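Subject: Handover of a structure and the findings on it

Dear colleague,

I am handing over a structure to you with this message. Please open it beside the text below, which sets out what was found.

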Amino acid sequence: MTGVNLTAWILGPVLGVMTFFFIFRIILTWYPQVDLNRLPFNLIARPTEPFLIPLRKLVQPIGGVDITPIIWVGIFSLLREILLGQQGLLTMLSRVN
């Protein structure tokens, strides 16, 4: 297994899980009474919060709705497509080797 294949093998699930976490985080915003510091919700909140904090400083809520998780879903989906998609960089590099 080459370094490119190993990177793609690790990066694919990581990007997929993070996208899932942010989608779940979007769903959790529909329920403001949910305490994100309690199980099982903190399992979603803790890995996503470090990404959301800096972006919240740049992007203010629109109509009282925090859209930063939506932006991160887009970023992680774009990264996954650029790196691992059918014409992705890592996919193309693995075909060359």
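Rings of Phe, Tyr and Trp (for Trp, its six-membered ring) are taken as a pair if their centres lie within 6.5 Å. By this rule, the count is eight aromatic pairs. Please note that this is a predicted model.

Aromatic pairs

A pair of aromatic rings is described by the distance of the centres and the angle of the planes. F22 and W72 make up one of the pairs, with 6.2 Å from centre to centre and 15 degrees between the planes. Planes under 30 degrees apart count as stacked, and the pair of F22 and W72 is therefore a stacked one. F22 belongs to helix 1 (residues 3-28) and W72 to helix 3, so this pair ties together parts that are 50 residues apart in sequence. Both F22 and W72 are buried.

A further pair is that of F51 and F76, which is edge-to-face, at 5.5 Å centre to centre and with 75 degrees between the planes. F51 is in helix 2 and F76 in helix 3, 25 residues apart, and the pair thus links distant parts of the chain. Are F51 and F76 buried, partly exposed or exposed? F51 counts as partly exposed, because its relative accessibility is 29%. F76, with a relative accessible area of 6%, is buried. Through ring pairs, F22, F51, W72 and F76 are linked into a cluster.

Packing of the helices

Two packed helices are described by the angle between their axes and the distance between the axes.

Helix 1 with helix 2. The axes of helix 1 and helix 2 cross at roughly 85 degrees and come within 10 Å. These two helices are therefore roughly perpendicular to each other. On the side of helix 1, the contact is made by M18, F21, F22, F24, R25 and L28. On the side of helix 2, it is made by L43, I44, A45, P47, T48, E49, F51, L52 and R56. By class, the contact of helix 1 with helix 2 has 11 nonpolar, one polar and three charged residues.

Helix 2 with helix 3. Helix 2 (residues 42-58) packs against helix 3 (residues 68-84) at an angle of about 115 degrees, with the axes 10 Å apart. Helix 2 is thus roughly perpendicular to helix 3. The crossing in which helix 2 passes helix 3 is right-handed. F51, L52, L55 and R56 of helix 2 meet T68, P69, I71, W72 and F76 of helix 3. The residues of this contact divide into seven nonpolar, one polar and one charged.

Helix 3 with helix 4. Helix 3 and helix 4 (residues 89-96) have their axes 3 Å apart and pack at an angle of about 15 degrees. Which description does that angle give, parallel or perpendicular? It makes helix 3 roughly parallel to helix 4. I82, L83 and L84 from helix 3 meet L89, L90 and T91 from helix 4. Here the residues divide into five nonpolar, one polar and no charged.

N42 lies in helix 2 and counts as buried, because its relative accessibility is 8%. Leaving aside its neighbours within four places in sequence, N42 is in contact with L36, N37 and P47.

A45 is also found in helix 2. With a relative accessible area of 8%, A45 is buried. Leaving aside its neighbours within four places in sequence, A45 is in contact with R25 and L36. A45 and L28 are 17 residues apart along the chain, and their C-alpha atoms are separated by 9.5 Å.

L58 has its place in helix 2. Is L58 buried or exposed? L58 is exposed, because its relative accessible area is 70%. From L58 to P13 there are 45 residues in sequence and 28 Å in space, C-alpha to C-alpha.

A cis peptide bond

Most peptide bonds are trans. What kind of peptide bond joins L39 and P40? The bond between L39 and P40 is cis, with omega at about -5 degrees. P40 lies in the loop between helix 1 and helix 2.

Yours sincerely,
A colleague

Notes:
Residues numbered from 1 in each chain as written. Predicted model: local features only at pLDDT ≥ 70, side-chain atom pairs only at ≥ 80, totals over all residues. Heavy atoms only, no water. Axes fitted to C-alpha atoms, helices over the stretch in contact; angles between N-to-C directions. Helix = DSSP H or I, 4+ residues; strand = E, 2+ residues; numbered from the N terminus. Parallel < 35°, antiparallel > 145°, perpendicular 65-115°, else oblique. Left-handed = near helix turned anticlockwise from the far one by under 90°. Contact = heavy atoms within 4.5 Å. Nonpolar A, V, L, I, M, F, W, Y, C, P; charged D, E, K, R; others polar. Buried < 20%, exposed > 50% of the residue type's maximum accessible area, 1.4 Å probe, protein only. Phe/Tyr/Trp six-rings, centres within 6.5 Å; stacked < 30°, edge-to-face > 60°.
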